[in-house]
Amino acid sequence: MSKFVDRVVLHATAGAGGNGCASVHREKFKPLGGPDGGNGGRGGSVVLVVDPGVHTLLDFHHRPHAMARNGKQGQGGFRAGANAEDLELQVPDGTVVFDDAGEIIADLVGVGTRFVASEGGRGGLGNAALASAARKAPGFALLGEPGDSRDLVLELRSMADVGLVGFPSAGKSSLVAALSAARPKIADYPFTTLVPQLGVVTAGEDVFTVADVPGLIPGASEGRGLGLDFLRHIERCSVLVHVVDCATFEPGRDPVADIQALEDELARYTPALGGELSDRPRLIALNKVDVPDARDMADLVTAELTERYGWPVFPISAASRAGLRELSFAMAEQVRAYRDAQPILEPTRIVLRPQAVDDAGFTVEADRELPGGFIVRGARPERWIRQTSFDNDEAVGYLADRLARLGVEDALAQAGAKPGCPVTIGDVTFDWEPSTPAGVAVLMSGRGTDRRLERDDRVGAAERKAARGERRRHRTDEELLEDEPSDEPTKPRSDDATWDDEPGESGERPRTGP
């Protein structure tokens, strides 16, 4: 027997992005072929998709954890890592998504509607993508971002046009079974129906759906009985039908009192999707008129109900099917009028929201827990922190350059930060030291840790520049005397000599000139 589940908690975890690769091209006769590390792949996202073949949230009840795959790591030879496929979860039409704070973040209505529950992490850049004029051979790569992890509450709100409300054992399930091909459980005791039942009704050329909402009792809007669990299933209904048991023998109950009690509960209930239930059209179905006493009761209260509420009243019998044709056509007329009154849906427009001119993308505020410390909040700085490998000095220097270009250092200085004060960005706290502008720091400091790019036999740019300046400098007379050769005797030699001073092995002077 299938189980109906209309509320679950989903733990959605997206995949992490793959790390970038720090690689140097190697080829014969090319010891330094340049960086060729590829980028990491994107992590998979968790996506909710409305499927017409799904009618319950039972799958999430048994498997509440959804985890997407991680992206692949980049490789050398400019090979990027593969992107992970998104994890698509099928949900029924009418599913509402709440966050952990109870706020509605998505209302999934319509076949094919998609909602990204958790966004996959970006892949890290390889050192080939990080190369620039100032950093020609980066010895590091960026890490992949972790995927989002969220706890979401999924609630199913039935997509029915007509909602049947009434006390337990009023005959709502029997009415659905008589009007449609649905076969709900029917018994002669209260609270037989524990889950909403849907049926498709055809009246002439109109086709609509009817929902049998489990029996309501006084105090349902405050949590008594099954009220709060199933009142939400009538939020989308365009027409509400009061099904009244005219053959009840319970003391203190009559059709007028039952309808008033139900209206009081509907008035106290606030739909989460907005709007009020009081503006929905109403119909009254006086059920079980096949019983003689019930027929007399229906004839007695029809005029009073019409005068008091002004709603159409239909004496019916779900057992003998008396009055069902008139009731079904009245439902179709109300549903048609409600649909015609709804605004025409327009295609979704793409809204561009450019960043404000004075929006730096981050904020700097004082840290209340660390005296003299500061906290930097912003999507970009926090993402850069997650992408940085702090065991690589060059990667840390690259992070400092990015923060300096974004204006974080200037903002910290204006906020009163002093060198050495603790600064927190994301999950990392460090002692702030002002850095040099981007590019200059790379040339003036050896922040790289990739030994493959280091050659001890090469003279650095700073040394070559100092030697060139020394050669071009005008020297004083004292410095010129210091550079004079020593007084050791040298062998005089004619300027036009063409023979060496020492004879060869044959006794002749070898000729060194023409």
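Analyst: Start with strand β2: Val46, Leu48 and Val50 point one way, Val47 and Val49 point the other way, and all are buried. Buried means under 20% relative accessible area, exposed means over 50%, and partly exposed is in between (1.4 Å probe, protein chains only). Strands here are DSSP runs of E with at least two residues; helices are runs of H or I with at least four; both are numbered from the N terminus.

A word on the source: this is a predicted model, where local features need pLDDT of at least 70, side-chain atom pairs count only at pLDDT 80 or more, and totals for chains, interfaces and linings use all residues. Residues are numbered from 1 along each chain as its sequence is written, and side-chain values use heavy atoms, with hydrogens and water left out.

Now the partners of β2. Strands of a sheet pair through backbone hydrogen bonds, either parallel or antiparallel. Two strands count as paired if DSSP finds at least two bridges between them. β2 pairs with β4 (residues 87-91) in the parallel sense, over 5 bridges. There, Val46 stands opposite Leu87. β2 also pairs with β7 (residues 114-118), antiparallel, through 4 bridges. On that side, the bridge partner of Val46 is Ser118.

Next, an open sheet. It has 5 strands in the order β3-β1-β8-β5-β6, and the pairing is mixed. β3 (65-67) and β6 (104-108) stand at the edges with a single partner strand each, so one side of each has no neighbour in the sheet. From one strand to the next, the twist averages 25°. Such angles run from 0 to 180 degrees between N-to-C directions, with axes as lines fitted to C-alpha atoms (for helices, over the stretch in contact). β5 (residues 95-98) joins β6 through 4 bridges, running antiparallel. Here Val96 has Asp107 of β6 as its bridge partner.

Turn to a helix. α6 (residues 292-309) has 18 residues and reaches 25 Å from first C-alpha to last, close to the 26 Å expected at 1.5 Å a residue. The expected span is 1.5 Å times one less than the number of residues. α6 has a kink of about 35° centred on Val301. The bend at a residue is the angle between axes fitted to the seven residues ending there and the seven starting there. Val301 is also one of the buried residues of α6, with Ala294, Ala298, Leu305 and Tyr309. These buried residues pack against α5 (255-268), β13 (282-287) and β14 (313-315). Contact means heavy atoms within 4.5 Å. After α6 comes Gly310, with a positive phi near 75°.

What about phi elsewhere? Most residues other than glycine have a negative phi. Lys288 has a positive one, near 65°. Lys288 sits in the loop between β13 and α6. Its relative accessibility is 25%, so Lys288 counts as partly exposed. Arg321 has a positive phi too, about 65°. Arg321 lies in the loop between β14 and α7 (324-341). At 52% relative accessibility, Arg321 counts as exposed.

Last, a buried loop residue. Ser180 lies between α3 (172-179) and β10 (197-203). Ser180 counts as buried because its relative accessibility is 11%. Leaving out residues up to four places away in sequence, Ser180 touches Gly199, Val200 and Val201.
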